[in-house]
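Got your viewer open and your selection tool handy? Here is a short tour, one stop after another.

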Amino acid sequence: MDIYQAIDERQTIRDFSSRQIPDETIKKILRSAFKAPSNNHLRNWHFLLLNDRERRLEIINKLLKPISRKGAIGIVNRWQLIDDKQRDMYIDAIPKQISMLRDCQCLILPCFRQEADLLKPNNLSDLNGFASIWLAIENLLLAAAAEGIFGVTRIPFEEERAKIKNACQIPAGYEIPCWIALGYPAEGARRASQLEIDLVERIHNDTW
Ligand SMILES: Cc1cc2nc3c(=O)[nH]c(=O)nc-3n(C[C@H](O)[C@H](O)[C@H](O)COP(=O)(O)O)c2cc1C
């Protein structure tokens, strides 16, 4: 698939079919992640695949509490969101935070080397590892889209992040930026309606 087509087709999916992803395809997608640029040339990344269903469920059930659609509407109102497309996205997404991790065909924890405290950076360079892993994640999502596989990233809450690292025995000195849930879309899988971006408004020549 052409790169522009993969970019156009990539969209977040939180509803997964039961079709399995071949191991070779997962490897191919992860190989693409390792082609992303990295701050120190070393690509100190690891990808932990959490695909043993029992173990996955045990971990997720300990970490997350379900939120209903009504609860999601309350959250979106508290956040005072007014853009209809943004509200719709959150109202669909919030109640799916558990099911998307539980039902995806490949659940990935990307791990990156982080020497200093991730949440207390002194300068932008302290965040280089964090920035680089997100480039790897985008490569992964685009390569997946080229294979007809889609997914979602979830940012763990602080307590969740610590517990995942502990449960999965992620070594000290490594951090996780997010969960990545991947799979083939379920029939009728929800795709959020996208905002149209006007390039004329967003691109500035010489001065803003
Ligand atoms: C940094 C980042 C954090 C995100 N966090 C979450 C999350 O915690 N849970 C979730 O369901 N989706 C999450 N998403 C997915 C976004 O909701 C989604 O990318 C956005 O609505 C745009 O839609 P699209 O991916 O279909 O283009 C996150 C995406 C990014 C890039």
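This is a predicted model: local features need pLDDT of at least 70, side-chain atom pairs count only at pLDDT 80 or more; totals for chains, interfaces and linings use all residues.

Now widen the selection to strand β1 (residues 45-49) and β2; they run antiparallel and are joined by 5 bridges.

Stay with β2, residues 106-113, and colour it by burial: 7 of its 8 residues are buried, leaving the strand mostly covered.

Click Leu107 and look across to β5, where Ala181 is its bridge partner. Then pick strand β4 (residues 174-175), another antiparallel partner of β2, this time over 2 bridges. Here Phe112 has Glu175 of β4 as its bridge partner.

On to the ligand. Which residues are around it? Select Gln11, Thr12, Arg14, Met89, Ala93, Val152, Thr153, Arg154, Ile155 and Ala192. Two elements, α5 (84-93) and β3 (150-154), each give two or more residues to this shell, and β3 gives the most, with 3. Colour the shell by class and you get 5 nonpolar, 3 polar and 2 charged residues.

Last stop: helix α2 (residues 23-33) and helix α7 (residues 128-146). Their axes are 7 Å apart, and the helices pack at an angle of about 145° in a right-handed crossing. To see the contact, show Lys28, Ile29, Leu30, Ser32 and Ala33 from α2, then Ala136, Asn139, Leu140, Ala143 and Ala144 from α7. By class, that contact has 7 nonpolar, 2 polar and 1 charged residues.

Note on methods:
Residues are numbered from 1 along each chain as its sequence is written. Axes are lines fitted to C-alpha atoms, for helices over the stretch in contact, and angles run from 0 to 180 degrees between N-to-C directions. Helices (H or I, at least four residues) and strands (E, at least two) are DSSP runs, numbered from the N terminus. A crossing is left-handed if the near helix is turned anticlockwise from the far one by less than a right angle, and right-handed if clockwise. Two residues are in contact if their C-beta atoms, placed from the backbone, lie within 7 Å. Ala, Val, Leu, Ile, Met, Phe, Trp, Tyr, Cys and Pro count as nonpolar, Asp, Glu, Lys and Arg as charged, and the others, Gly among them, as polar. A residue is near a molecule or strand if its C-beta atom, placed from the backbone, lies within 6 Å of it. A residue is buried if 20 or more other C-beta atoms lie within 10 Å of its own, exposed if 12 or fewer, and partly exposed in between; C-beta atoms are placed from the backbone. Two strands pair if DSSP finds at least two bridges between them.
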